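Student: Can we walk through this one together? I'd like the main points, briefly.

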Amino acid sequence: MSNNLTTIMESSRHAGRSYVDAMIRSELTDAVGADYVSSNAADQLGHSIDYYWIPEMWHDRGRDNPKAQYIVHPGSAEEVAKVLRIANNYRIPVTPWGGGSGSQGGALPMYGGIILDTKRMNKVIHIDTEALTMTVETGMNAQHMEWAVEKKGFSTMHFPASIACATIGGFLAHRGTGVLSTKYGKIEDMVMSIEVVTPEGEIINTLPVPRHASGPDLTQLYLGSEGTLGVITKVTLKIHPIPQCRKFHAFLFKDMHQAMTAGANIMRSRLRPCVIRLYDEPETARLIKRVLGIDKQGAYLVFGFDGFESVVDLEMTEAIRICMRENPEDLGEELGQAWWDNRYKFFYPPYMFHMPQAFGTLDTVATFANIEKVYWAMKNVVNQNFPEAAFIGHYSHWYEWGCMLYARFIVDQPPKDPEEATAYYNRIWDMAIRAAIANGGVINEHHGVGLKLGRLMKDLYGPAFKVLADIKKVMDPNNIMNPGKMGFRGV
Amino acid sequence: MCRHLSPVGNVTYRESDTPRGRALMLDKVSQQPQLLENPDFQSAIYDAELSAACRTHCVSHFDEAGLLLAARRDIVESGKIPAVVKQVADSIKALKLALKGDAKAEVIYYVDRYTERYQPEMAAATEKILKAAGVSFQIISGADTGKALAVLGCWNEAKETAEKFAKSIRGVGKKVLITSCPASYDLLKNDFPKYGIDLANELEVLHTSEFIRRLVKAGKLSLRPSTAQSVFPLASDFLGNYNTGFTAHEELAALAGVTLQPFGFNREESYTAGEGGVVMDELNPRLVAKLVEHVLEQVDNPSQDMLLVLSPYTKYVLSKFATKKLHLTTVEELIAARIKE
């Protein structure tokens, strides 16, 4: 049995190959070097699954996911350009892959072809200690990048839960965010300029500064384009001094609405917390209890300030005063600090959900006027149509005008049949996201669109989606770059 | 899952060399055991550095090394051992243990293969320290303790080798056994009970740095003050991730007045160039050369910085494969050079 299957696998691998495959492979080898082109079965498996639930479930149920024919690891923008020219010539789909930690299926090679893995482009090019910027290659692991800049006495202040596995390019491609975004911004706020290899293999740079009146902002066009418009190969990012101190404080409010009022008032006061996080009652009961040991009814809210200690103390005093207006239970600094110390634990076993459970992060963003309406609309639609699903949520990233909702649904026993499970899963997404859009939300805040939400892009944009589709057509005439993602045309 | 602490993944850039890629591969194998025979899967399983960094640094303490070792054992037991692995295992099995010195000595000093073949200066430094402290010792050398075979997946042969090793030192009264080899230290401390070998009442197993620290603290060694040179320690896989809380080398450095500085910028990645793989240079020298180059990239001033290496294996591969001359020392050499004559 075992020999038979291996033989079948091996022969099927070879049966599909011809001199054309060998020719293309030799061109790719010429472009990036023999060590950096692979059609290895172990690599193909590794590149066939990201953190999107569908391919994970597909794998878990013993099914094979679509695989790339070639995996290439270019070491420079020039090598990326060579690969894209080859792909254009032969009309081969190219799917950029950074850390493979995306949750939207954006890096999956759904049409086979080439996986362009960026991890070999992993160097810090320059740290400018006058402007406080750093220029890095985009295949660099985000944790490596942070440690490299910390060694020089600075920080990117970009601390997402995926920091240890994602690349900086992945954050750029999906408009990612980190836990300190409320003060330091999302990734698109951190970028000064980028280098991009266009689908036809031209290397271009955007303007060196992000504020100008020299035409539309080309940088922002590429950010969030998820590899559909080219490959971002270098980025110059803002960096920051390591703050003198960072302090936290936590409260337990009677309910989510009171906590939201307090959080929104902090933002409207124009204080500058580095983080505010508010957990709804179910998530407070489910996760805050398990991770932090706070076994109480209500909505947990934590905030933090960083910078000079005298300023932090002053801001902290004002923020506490704002919160106390809603009569919460004061949990103090210690249970705020505990949240910070355990902030990544929420996203890892045993606290994170896992197979065979079905789960998804319905993250969205809206104004303060709309965000609770979005929450209730999503929650109601999930509860009413999928009573077997749990719905929990927290508000992670706060702006002067509103905040981001990180809502999640969890189904302990989804259908066993993978096709049925896929259809069931997609129904939840379709209904919940459409409810968010109808109430002023968007389809995503920082995970991106990918394969998972592409079909909902037209719902979100309406006629404006044609503008995006036309841009894609002009910039990638042969449609080689990550086809079938973000609602764009497939192969 | 973390990619920042996988040295092999950080030099090959391949998904199958990252903790997540390896987990996917092993999960697929658990669904389809016959995939263990796939040469691509086998090569990824045997290319793993086995640093066990995931055990220490992963938020959920994922035991990647344990899973990979189990997969290697499954490969061997399925009779599909890769040719290069068999060749290395056979060469290890052919080795013979040799005992030298007074059987009544208070200490047995196990000299591992890498020290014996490539780092005689480590053995010379250890012997100098023991003599200076007036410690009588017997040397056992010439063969593997069983650790290399175990890591290759040859569990039965590893057990036989470990039993032979135990037999050679059994029945000589209560002794201290010291070794500079972190892999052997791990085997003697942690693996012997798994093989049903109980030497706890006869043998106290110490890494040389632990024993030297004991000698210094007991006043049996007098050390000259250190020069002002900064020393950068390369943490050991076996003395760190496999045996957490090991700090003897740091305490010893402090006793010797040596200032240790953090090496590199990644506090979690292994910079041993494959120490966890025990004989990784024999399996895949090209890959080890890349790992060494990766270590070299982290050295700020190769011409000045002194690197404190905690294993004979790492010292050997850094000496052999580095494209620039590195200043390497070990605990034994560092202390031996400071003994007041």
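**Helix H6 of chain A**

Tutor: Start with the buried residues of H6(A): Ala142(A), Gln143(A), His144(A), Met145(A), Glu146(A), Ala148(A) and Val149(A). Buried means 20 or more other C-beta atoms within 10 Å of the residue's own, exposed means 12 or fewer, and partly exposed is in between; C-beta atoms are placed from the backbone. This is a predicted model: local features need pLDDT of at least 70, side-chain atom pairs count only at pLDDT 80 or more, and totals for chains, interfaces and linings use all residues. Residues are numbered from 1 along each chain as its sequence is written, while chains are lettered from A and ligands numbered from 1 in the order in which they are written.

Student: Why is H6(A) described as largely enclosed?

Tutor: Because 7 of its 10 residues, in the run 142–151, are buried. Helices here are DSSP runs of H or I, at least four residues; strands are runs of E, at least two; both are numbered from the N terminus.

Student: What covers the buried residues of H6(A)?

Tutor: The cover includes strands S5 (124–128), S6 (133–137) and S7 (154–155), plus helix H7 (168–174), of chain A. Contact means C-beta atoms, placed from the backbone, within 7 Å.

Student: Which residue with positive phi follows H6(A)?

Tutor: Gly153(A), with phi near 95°.

Student: Switching to chain B. What is the strand order in its open sheet?

Tutor: S1-S3-S2-S4-S5, with mixed pairing. Strands pair if DSSP finds at least two bridges between them. S1 (98–101) and S5 (203–207) of chain B are at the edges with a single partner each, so one side of each has no neighbour in the sheet. Neighbouring strands are turned by 25° on average, direction ignored.

Student: How many bridges join S2(B) to S4(B)?

Tutor: 4, between residues 107–111 and 175–179, and the two strands run parallel. Ile108(B) has Leu177(B) as its bridge partner in S4(B).

Student: Which helices of chain B pack at about 90°?

Tutor: H15 (285–297) and H16 (312–321), with axes 9 Å apart. Axes are lines fitted to C-alpha atoms, for helices over the stretch in contact, and angles run from 0 to 180 degrees between N-to-C directions.

Student: Which residues meet there?

Tutor: Val288(B), Ala289(B), Val292(B) and Val295(B) of H15(B) meet Val317(B), Leu318(B) and Phe321(B) of H16(B).

Student: And the confidence in chain B?

Tutor: Its mean pLDDT is 92, with 99% of residues at 70 or more. pLDDT is the predictor's confidence in each residue, from 0 to 100.

Key:
Two residues are in contact if their C-beta atoms, placed from the backbone, lie within 7 Å.
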